[in-house]
Amino acid sequence: MTSYAIKAAALAVPERVVTNHDLEQIMDTSDEWIKRRTGIERRHIAVAETNASLATKVARQLVEQAQMDVHRLDYIIVATMSPDHLTPAVAAEVQGALGATNAVAFDVNAACSGFVYATDVMNSLLAKLPGGTGIVIGSERLSKLVDWHDRSTAVLFGDGAAGVLVTNDGSASQVMGADLKTAGDLGSSLTAGQMVEKTPFGNGNLDARHRFFQMDGHVVYNFATRQAPASIRRATEQAGLDLSDIKYFVMHQANARIVKRVAKKLDLPDQRFPINITEYGNTAAASEPILLAELINQHQIQRGDYIALTGFGGGLTVGTVIIRY
């Protein structure tokens with residue numbers, strides 16, 4: 001049996017807090033409009049922080065909490081859709097900053113499902129390495145991908161990072177089920193960060209607006225509210241569990257209405273679907289680990305509890321992992 005024992009959980013967010021009232025000063029919106037449609041009241045926006053600095057801050061907390069010699073780290077995976085550079089990877093920057101010279105480090109980009117995908121990858125790697133140790137982080141600096149005059153997207157996103165340190169230590173903690181799906185035919189319904197195509201051999205045709213988030217909200221909402229419940233059911237069945245066995249469903253915090261809709265479709269009480277989007281907004285791959293770290297560090301999750309992590313978003317992608325904590 002492969003263990004997936006979470007030994008530490010941590011988060012880091014930028015110091016600058018931007019409230020809905022702050023956004024009223026730069027675009028046509030209101031606190032009431034944003035809260036009613038999304039549940040968001042504020043978000044943290046990077047000013048001096050980079051994606052790598054946020055992820056490194058999380059990694060330093062993890063090794064300190066776990067009292068881990070960084071030279072014992074075997075893997076570092078960062079899930080992100082907003083790296084500081086195409087190369088080096090954020091994970092490589094974290095590895096270098098930590099001095100974790102024995103760790104293999106790389107990024108995973110599955111947008112808002114990234115942390116779930118990265119969790120499944122880390123579990124597969126540790127299955128080959130009894131006693132192995134790894135760090136999985138979701139880290140985003142989405143504010144650079146936002147058109148701050150477009151209220152349909154600008155009010156949604158925030159920056160932040162969070163993650164876990166895990167070991168294959170032979171304990172009963174493990175990933176019990178995983179379900180990952182991609183719908184590439186729907187990819188154009190949520191895009192960001194298109195690259196400049198101009199070269200000496202052609203002028204390219206980049207529309208500058210495509211640097212920023214472009215989203216068909218109806219398509220994404222319908223995808224999330226149909227595919228997330230189906231993914232949770234498949235992963236739970238694979239784990240040999242019933243939905244009633246799972247203590248918390250830690251979902252991507254895209255919109256409070258989506259989370260509540262998924263709970264209703266599964267015929268489960270809202271209380272088992274914790275929400276913290278009020279404080280952070282949508283932080284893509286960082287949203288599930290930020291909520292997970294809060295629940296663990298507030299002792300709301302205890303050893304032996306079953307938890308479901310579910311992400312959905314760009315790609316389009318969806319995924320769920322069931323973990324025995």
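Modeller: Helices are DSSP runs of H or I with at least four residues, strands are E runs of at least two, and both are numbered from the N terminus. This is a predicted model, where local features need pLDDT of at least 70, side-chain atom pairs count only at pLDDT 80 or more, and totals for chains, interfaces and linings use all residues. Residues are numbered from 1 along each chain as its sequence is written, and side-chain values use heavy atoms, leaving out hydrogens and water.

Biologist: What makes Glu32 and Arg36 a salt bridge?

Modeller: The label needs a side-chain nitrogen of Lys or Arg within 4 Å of a carboxyl oxygen of Asp or Glu. In this pair the closest N and O atoms are 2.5 Å apart, so Glu32 and Arg36 form a salt bridge. They're four residues apart in helix α2 (residues 31-38), so about one helical turn separates them.

Biologist: Why is Glu32 called partly exposed?

Modeller: Buried means under 20% relative accessible area, exposed means over 50%, and partly exposed is in between (1.4 Å probe, protein chains only). Glu32 has 45%, so it counts as partly exposed.

Biologist: How do you know that Lys247 and Asp305 form a salt bridge?

Modeller: Their closest N and O atoms are 3.2 Å apart. The pair links distant parts of the chain, with Lys247 in strand β11 (residues 246-251) and Asp305 in the loop between α10 and β12, 58 residues apart.
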